[in-house]
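Here is a walk through one structure, taken a step at a time. Keep the 3D view open as you read.

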There are 2 protein chains.
Amino acid sequence: MNKTEIPDSFPSNPNEVFSLAIDGMGGDGAPEVVVAGLAVAAERHRGIKVLLIGDEASLRPLLTKYPKAAAICTVWHTDVSISMDMKPTSALRLRQSSMRLAMDAVAGGRAQGVVSAGNSGAMLALAKIVIKTMPGISRPAMAAISPTIKGDVVMLDLGANVACDSRNLVEFAVMGEAFAKSVLGLPAPTIGLLNIGSEELKGDEKLRVAAETLRESPLGAQFHGFVEGHDITAGTTDVVVTDGFTGNVALKTGEGVLKMATTLLRRVFQNGIVAKIGYLLVRPGLERMKEWLDPRRYNGAVFVGLNGVVVKSHGGTDAEGFAAAVDVAMDMVTHGFNDSIRDRLSHMGALVSRQQVVEGREPAASAS
Amino acid sequence: MNKTEIPDSFPSNPNEVFSLAIDGMGGDGAPEVVVAGLAVAAERHRGIKVLLIGDEASLRPLLTKYPKAAAICTVWHTDVSISMDMKPTSALRLRQSSMRLAMDAVAGGRAQGVVSAGNSGAMLALAKIVIKTMPGISRPAMAAISPTIKGDVVMLDLGANVACDSRNLVEFAVMGEAFAKSVLGLPAPTIGLLNIGSEELKGDEKLRVAAETLRESPLGAQFHGFVEGHDITAGTTDVVVTDGFTGNVALKTGEGVLKMATTLLRRVFQNGIVAKIGYLLVRPGLERMKEWLDPRRYNGAVFVGLNGVVVKSHGGTDAEGFAAAVDVAMDMVTHGFNDSIRDRLSHMGALVSRQQVVEGREPAASAS
C-alpha cells in the first residue's frame with residue numbers, strides 16, 4: 001500500500017503508530033463527549049494510544065478535566081472541522097479538517113483505525129478517497145451490530161450503497177462474516193441473505209445468484225440461505241446481508257418500533273398510582289432489558305472494505321456511546337479484521353469473479 | 001366491465017348481489033375459523049350478505065354450530081380448494097377452487113368483494129387474472145394497516161411487486177390515499193415516500209421522480225415528501241409508499257422487533273415473585289397496550305388496484321382476526337374505495353402519463 005503523505009504538523013515521531021486516530025471535533029457533543037468517551041475507553045483498553053485531532057485550545061482544558069483521556073492522547077492541532085450538515089463534496093475540499101487528518105493518519109500508516117462521530121456522508125466519501133477501498137472489494141459497506149432475542153446480529157449494508165449487484169452482496173457476506181468474528185468473537189458466524197417470502201417474489205435474480213455463489217463458496221457451510229425481516233431479531237443468523245436501501249429502512253424501522261413500544265410502555269407505567277407501584281417492582285428487570293436494547297451498546301457503524309478500520313459513532317451519542325464505538329474499533333484492530341477479509345477473499349476470488357454479476361436497482365449508479 | 005361467466009352451480013338468482021364472496025376453505029384453521037369469524041362479523045355489519053364457498057358437507061355442520069353466520073350466508077358448494085403451499089401456476093389451473101369461484105363471483109358482478117385466508121401467491125395471481133387490474137393502474141399492490149404511536153398508518157406495497165418504477169409508486173400513493181380515506185375514515189390523509197436519510201443516497205432517481213410528480217399532482221397538498229423507516233411508527237404520515245421488497249422487509253422487521261420486545265418483557269415479569277406482583281399491578285395497562293398492537297386488529301392485507309375489493313386474511317388467524325379482515329372489506333365496499341381511486345385517477349391521469357417513468361430494481365421484471 002502506498003503511504004499517504006502526512007502533513008508536517010503531525011505531532012509525533014514518524015515511527016510511532018497510534019492505535020486509533022480520533023476526530024475530536026465530530027458529533028453534536030464534540031469535543032467534550034469525545035474526550036469524556038476516551039476517558040472511559042482508557043480504562044477498558046490497556047496500552048491504547050490515541051491521536052486526538054482538533055482545535056487544541058478547545059481540547060486542552062478538556063484533557064485537564066479528563067486526566068485518564070490525557071494519559072492516552074497525543075493532540076494534533078487543526079482549526080478546521082466538518083459541520084454535521086456539510087455536503088460531502090464541500091467536505092472533500094477541506095484538506096485540513098480534523099476528520100481528513102484522522103484519515104490521513106490511517107492512510108499514512110500512522111494509526112490503525114479512525115473513529116468519528118461527525119457527518120457520515122463526508123466520512124464515507126473521505127474514507128473512500130483517502131483510505132481507499134481494499135483490493136478485491138468493489139464497494140465498501142456500512143455494518144452495525146443489533147440486539148436479537150438470542151444474542152447480537154451483524155447487519156450490512158446499512159446505507160453506503162443504494163444499488164447493489166450480486167457481487168456486492170457476496171462481498172458484504174465476506175466482510176460481515178469477518179466482522180462477526182472479530183467483534184462478536186464467533187468462530188464460524190452463520191450468514192443469511194435478506195429476501196421476502198411470498199412465492200411470486202422469489203425471482204429477484206441478483207439475490208438468487210448471490211445465494212448460489214455463497215452456497216458454492218468456502219463460506220457455504222456457514223451460509224443459511226434466505227432470511228426474512230423477522231429473522232433479524234429472531235437471531236436466525238449471526239450476519240444478515242442486504243442492499244443499503246433495504247438495510248437502512250430495516251434498521252430505522254426497527255428503531256422506530258422499539259421507540260413506539262417504549263413510549264407505550266411508559267404510558268402503561270405512569271397510568272395511576274397502582275401502575276406506578278407495579279413499575280417500581282419490575283424496575284430492576286426493566287433496567288436489564290433497557291441495557292440489552294441500549295443503542296449505545298451498539299454505537300459504532302463501521303465502514304467495511306477499506307484499507308483500515310473506520311468506525312462512525314452516532315452524532316448525538318454521549319461519552320458511553322462514544323466509548324462503545326472505540327470498543328468496536330479496537331476489537332477490529334486487535335483481532336485483525338482486515339487480515340481476516342483478505343484471507344477469505346484469497347479463497348473466494350475465483351468464485352466471485354467467475355459468477356455472472358446481476359445488477360440490482362438503479363443500474364446506472366452501480367457503476368459509480 | 002365485461003361480466004365474467006358464472007358457473008351454473010351459482011346458488012342464487014342472477015340479480016342477487018352479495019356484499020362479499022368468502023373463500024370458506026382458505027387458511028390454516030378453515031373452514032371453522034372462517035365460519036366462526038363470519039358469526040362475529042354478522043353482529044357488526046347489519047344487512048351483510050355473504051356467499052360462502054366451499055365443501056358443503058364440511059360447512060353445513062359449522063353453520064348449525066354458528067347460527068349467526070348461517071343467518072347471513074348462502075353456501076356455494078365446491079369440493080376443490082387450493083392448499084397453502086400450492087404454486088400459483090398450479091392454483092390457476094383449478095377452475096373450480098373455492099378461491100377461484102369467489103373471484104368469479106366478484107368479476108361477474110355477483111359480489112362486491114372477496115375475503116380469503118388462503119395462499120397469498122395464488123390469491124394475487126387469481127385476482128389479476130379473474131378480477132383484473134383497474135383501468136389506469138399498471139400494477140396492483142398489497143396494502144395493510146399498522147399501528148403507530150399516534151394512530152394507524154397505511155403501508156404499501158408489501159410484497160406484490162419486487163420491482164417498482166416511479167409510475168408504480170405514484171399509483172400506490174393514489175391507492176393508499178383512497179384506502180386511508182375509506183378504511184381509516186380520514187378526510188385528507190397525508191402521504192410519505194419511504195427513502196433513506198444519508199446525504200450520499202438521496203440520488204435514487206425513481207424516488208426523486210415519483211416525489212416530483214406527486215408534488216405537482218392534485219395530491220400535492222397531502223404529499224409530505226420523503227420519510228424514513230422510523231417515521232412509519234412515529235405516525236409522521238397516514239400513508240407510507242414504497243416498493244414491495246422494501247415494504248415487505250420493513251413490515252416483517254417491525255413484527256420481529258415487537259416480538260423481541262414482548263419476549264424480553266415477559267422475561268422481566270416472570271423473574272421472581274416481586275416482578276410477578278408488579279406484573280399484576282400493571283396488567284390492565286398492558287392489556288390495553290397489547291390490544292393496541294394486536295396484529296388481529298390489523299388483519300387483512302388488501303390487494304388494491306383491482307376491479308373489486310380483495311382482502312387477504314392472515315393464514316394462521318383466528319375467528320376475531322378473520323372478522324377484522326371482513327371489517328376491512330366491508331369498509332372498502334361501503335365507502336366506495338374503488339370509486340375513490342377512479343375519481344382521483346381521472347384528475348391524475350395526465351400527470352402520471354406525462355412523467356418520465358424511471359425504473360427501479362430488476363427492470364426486466366417490471367415489464368411483466
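The paragraphs below go from the pair of chains to the sheet, then to its strands and helices.

This is a predicted model. Start with the two chains. Chain A can be laid on chain B with an RMSD of 0.0 Å. The move is a turn of 180° with a shift of 0.0 Å along the axis. That is the relation of a two-fold axis. The same surface serves both copies, as 100% of the contact residues of chain A recur in chain B.

Now take the sheet of chain A. It is an open sheet of 11 strands with mixed pairing. The order is β3-β2-β1-β4-β11-β10-β5-β6-β9-β7-β8. At the edges of the chain A sheet stand β3 (73-77) and β8 (223-227). Each has a single partner strand, so one side of each is left without a neighbour in the sheet. From one strand to the next, the twist averages 25°.

Two further details place chain A's sheet in its surroundings. Strand β6 (residues 152-156) of chain A runs parallel to strand β9 (residues 239-241) of chain A, and three bridges join them. There, A:Met155 stands opposite A:Val240 in β9(A). Helix α12 (residues 319-334) of chain A lies across β1 (18-23), β4 (111-116), β10 (301-304) and β11 (309-312) of chain A. This helix of chain A runs at about 145° to β1(A).

Turn to chain B. Its open sheet of 11 strands has the order β3-β2-β1-β4-β11-β10-β5-β6-β9-β7-β8, again with mixed pairing. The edge strands of chain B are β3 and β8 (223-227), and each pairs on one side only. The twist averages 25° from one strand to the next.

Look within that sheet at strand β5 (residues 141-147) of chain B. Is β5(B) enclosed or open? Seven of its seven residues are buried, so β5(B) is largely enclosed by the rest of the structure. B:Ala141, B:Ala143, B:Ile145 and B:Pro147 point one way. B:Met142, B:Ala144 and B:Ser146 point the other way. All are buried.

What flanks this strand? On one pairing, β5(B) meets strand β10 (residues 301-304) of chain B in the antiparallel sense, over three bridges. B:Ala141 has B:Val304 as its bridge partner in β10(B). β5(B) also pairs in the antiparallel sense with strand β6 (residues 152-156) of chain B, over five bridges. Here B:Ala144 has B:Met155 as its bridge partner in β6(B). β5(B) and β6(B) form a hairpin, with four residues between them.

Strand β4 (residues 111-116) of chain B and strand β11 (residues 309-312) of chain B pair in the parallel sense over four bridges. The bridge partner of B:Val114 in β11(B) is B:Val310. Strand β7 (residues 191-194) of chain B has parallel pairings too. B:Leu194 stands opposite B:Val227 in β8(B). With strand β9 (residues 239-241) of chain B, β7(B) pairs in the parallel sense over three bridges. B:Ile191 has B:Val239 as its bridge partner in β9(B). B:Ile191 and B:Leu193 point one way from β7(B), and B:Gly192 and B:Leu194 the other way. All of these residues are buried.

The helices come next. α12(B) lies across β1, β4, β10 and β11 of chain B, at about 145° to β1(B). Its length can be checked. At 1.5 Å a residue, the 16 residues of helix α12 (residues 319-334) of chain B should span 22 Å, and its end C-alpha atoms are 22 Å apart, which agrees. α12(B) is mostly covered, with 12 of its 16 residues buried. Among them are B:Phe322, B:Val326, B:Asp327 and B:Met330. At the start of α12(B), a side-chain oxygen of B:Asp318 reaches to within 3.3 Å of the backbone nitrogen of B:Glu320. B:Gly336 follows α12(B), and its phi is positive, near 55°.

Helix α1 (residues 32-44) of chain B has 13 residues. From first C-alpha to last it reaches 19 Å, close to the 18 Å expected at 1.5 Å a residue. Its buried residues include B:Val33, B:Val35 and B:Leu38. The buried residues of α1(B) pack against β1 (18-23), β2 (50-54), α2 (56-65), α3 (67-70), β3 (73-77) and α12 of chain B. α2(B), in turn, lies across β2 and β3 of chain B and runs at about 160° to β3(B).

Methods: Residues are numbered from 1 along each chain as its sequence is written. Chains are lettered from A and ligands numbered from 1 in the order in which they are written. This is a predicted model: local features need pLDDT of at least 70, side-chain atom pairs count only at pLDDT 80 or more; totals for chains, interfaces and linings use all residues. Side-chain values use heavy atoms; hydrogens and water are left out. Copies are superposed by least squares on the C-alpha atoms of residues with pLDDT of at least 70 in both. Contact means heavy atoms within 4.5 Å. Buried means under 20% relative accessible area, exposed over 50%, partly exposed in between (1.4 Å probe, protein chains only). Helices (H or I, at least four residues) and strands (E, at least two) are DSSP runs, numbered from the N terminus. Two strands pair if DSSP finds at least two bridges between them. The expected span of a helix is 1.5 Å times one less than its number of residues. A polar contact is a pair of N or O atoms within 3.5 Å; within protein, one must be able to donate a hydrogen and the other to accept it, and residues adjacent in sequence count only if both atoms are side-chain atoms. Axes are lines fitted to C-alpha atoms, for helices over the stretch in contact, and angles run from 0 to 180 degrees between N-to-C directions.
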